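Please consider each value beside its definition.

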Amino acid sequence: QVQLVESGGGVVQAGGSLRLSCAASGTISNIITMGWYRQAPGKQREMVATINKGGSTNYADSVKGRFTISRDSAKSTVYLQMNSLNFDDTAVYYCHALGSSPLRNYWGQGTQVTVSS
């Protein structure tokens, strides 16, 4: 089993920046992909950014050029650097990990990001 714990959420003014962290613990040896998803009230959960074992990244079009995902493989920690935040970025952000053998999805508890005007 894998446990994911997010940190770094909070309130930030429009145009500002936040850095989210997600630490994985437990049986982490089979994790092949980690990433961030978000869900705003009344909306579906959406993928924000992912990074795989080889370091390849993928971003939602809405955050491309503003957000950067990175991973500390040794510490099993993934980060999301969020710049030029706007009101539409307000959501609960969830850390995600994909494990193999068998394929399983793991989720953190979520951290609130609120962008104020």
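The questions below concern a disulfide, aromatic rings and paired strands.

This is a predicted model, in which local features need pLDDT of at least 70, side-chain atom pairs count only at pLDDT 80 or more, and totals for chains, interfaces and linings use all residues. Residues are numbered from 1 along each chain as its sequence is written, and side-chain values use heavy atoms, with hydrogens and water left out.

Q: Why is the link between cysteine 22 and cysteine 95 called a disulfide?
A: A disulfide is a pair of cysteine sulfur atoms within 2.5 Å. The S to S distance of cysteine 22 and cysteine 95 is 2.0 Å, so the pair meets the definition. The structure holds one disulfide.

Q: What makes this disulfide left-handed or right-handed?
A: The torsion about the S-S bond of cysteine 22 and cysteine 95 is about -85 degrees, and therefore the disulfide is left-handed.

Q: Which parts does the cysteine pair tie together?
A: Cysteine 22 belongs to strand E3 (residues 18-26) and cysteine 95 to strand E9 (residues 91-99), so parts 73 residues apart in sequence are tied together. Strands (E, at least two residues) and helices (H or I, at least four) are DSSP runs, numbered from the N terminus.

Q: How do you know whether cysteine 95 is buried or exposed?
A: Buried means under 20% relative accessible area, exposed over 50%, and partly exposed in between, with a 1.4 Å probe and protein chains only. Cysteine 95 has 0% relative accessibility and therefore counts as buried. Cysteine 22 is likewise buried, at 0%. In E9, seven of the nine residues are buried.

Q: Why is the pair of tyrosine 37 and tryptophan 107 called edge-to-face?
A: Rings of Phe, Tyr and Trp (its six-membered ring) pair if their centres lie within 6.5 Å; planes under 30 degrees apart count as stacked, over 60 as edge-to-face and the rest as tilted. Tyrosine 37 and tryptophan 107 lie 5.1 Å apart, centre to centre, with 70 degrees between the planes, so the pair is edge-to-face. Tyrosine 37 is in strand E4 (residues 31-39) and tryptophan 107 in strand E10 (residues 104-107).

Q: What makes E4 and E9 a pair of strands?
A: Two strands pair if DSSP finds at least two bridges between them. E4 and E9 have eight bridges and run antiparallel, so they pair.
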